[in-house]
Amino acid sequence: MSGDPFGSVRISVAAGTRPGTSPTIPSAELTDQAPPIPTSSGLVMDLTDTVGSLRSQTKALHEDVRGLHEEALFKDWQHRTARRAKTAPLTLLDELARLGFSWRDVARMLGVSVPAVQKWRRSGGITGHNRRNIANLLALCDLISERYLVEEIASWFEMPISGDAPLTPTDLYAEGRMDILFDHASGHGDPEQMLTDYDGAWRERFRSDFEVYEESDGELSIRLKDK
């Protein structure tokens with residue numbers, strides 16, 4: 001017999017196979033087909049992205065719900081105003097007085113002077129615009145008293161919305177900040193956030209050495225802050 005008797009074996013080994021077996025799969029192909037193994041840092045990143053997305057969705061939903069709530073309250077308020085406006089203006093003013101509002105606060109919230117209110121009470125002459133404004137204020141008192149069970153509504157209007165600043169519902173009404181006023185009345189608003197919504201620099205604006213506190217008899221008083 002001529003030639004190398006082991007030649008065929010050498011050829012098979014050189015080709016990456018053994019005699020009598022099929023070709024093996026290269027190790028590179030096995031690596032490509034194996035699923036990636038997630039690392040702890042990758043899992044944390046995925047979780048962070050998911051939580052961030054949920055926070056964004058929750059914030060958007062909160063703003064949508066808040067907007068719908070405000071819209072419903074405003075519609076209720078306007079319906080109540082239309083009913084109140086049927087009553088004679090002098091009767092409405094007398095009711096504000098019975099509720100305990102001072103003419104100074106009434107004049108401020110209506111956007112007129114105290115002498116103007118006093119003149120209305122003596123001789124009438126209230127314009128349609130001012131008649132609606134009076135009805136607006138009483139309708140809001142009705143809404144807050146009935147929906148949010150606020151008693152003695154006039155003193156509630158005088159009470160600061162937070163112990164950290166002297167801002168009151170009277171101030172909010174006079175300045176047209178009904179969004180904050182409704183948040184405060186409903187109890188849905190955080191006092192510090194409401195102050196920030198009113199004025200981002202409220203800490204500097206209202207900085208004082210005094211604070212408002214409630215006495216044991218329920219009356220509000222002012223005292224020096226503890227240093």
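**Labels and cut-offs**

Student: Why does E151 count as exposed?

Tutor: E151 has 70% relative accessibility. Exposed means over 50% relative accessible area, buried under 20%, and partly exposed in between (1.4 Å probe, protein chains only), so E151 counts as exposed. E151 is found in the loop between α7 (128-148) and α8 (153-158). The model is predicted: local features need pLDDT of at least 70, side-chain atom pairs count only at pLDDT 80 or more, and totals for chains, interfaces and linings use all residues. Residues are numbered from 1 along each chain as its sequence is written, and side-chain values use heavy atoms, with hydrogens and water left out.

Student: How do you know whether H184 is buried or exposed?

Tutor: Its relative accessibility is 16%, which falls on the buried side of the cut-off, so H184 counts as buried. H184 is found in helix α10 (residues 178-186). Leaving aside residues up to four places away in sequence, H184 touches W156, I161, P169 and M194; a contact is heavy atoms within 4.5 Å.

Student: Why is α10 described as largely enclosed by the rest of the structure?

Tutor: Eight of its nine residues are buried, and therefore the description holds. The buried residues of α10 are M178, I180, L181, F182, D183, H184, A185 and S186. After α10 comes G187, with a positive phi near 80°.

Student: What makes R84 and D142 a salt bridge?

Tutor: Their side chains meet at 2.8 Å, N to O. The rule asks for a side-chain nitrogen of Lys or Arg within 4 Å of a carboxyl oxygen of Asp or Glu, so the pair qualifies. R84 lies in helix α3 (residues 40-84) and D142 in helix α7, 58 residues apart, and the pair links distant parts of the chain. Both R84 and D142 are buried.

Student: How many salt bridges does the rule give?

Tutor: The count comes to 12. One of them joins D179 and R177 at 3.1 Å, N to O. D179 is partly exposed, because its relative accessible area is 22%, and R177 is also placed as partly exposed, at 23%. R205 and D199 meet at 3.3 Å, N to O; D199 counts as buried because its relative accessibility is 19%. D76, R80, E146 and R147 are linked in a network of salt bridges.

Student: What does the secondary structure of the protein come to?

Tutor: It comes to 12 helices and two strands. Helices (H or I, at least four residues) and strands (E, at least two) are DSSP runs, numbered from the N terminus. From the N terminus on, the elements run α-α-α-α-α-α-α-α-α-α-α-α-β-β.

Student: What part of the protein do buried residues make up?

Tutor: Of the 227 residues, 31% are buried. The protein exposes about 15200 Å², of which carbon and sulfur atoms supply 54%. Among contacts between residues at least 6 apart in sequence, 53% join residues at least 24 apart. Accessible areas come from the Shrake-Rupley method with a 1.4 Å probe; for residues, only the protein chains shown count as cover.
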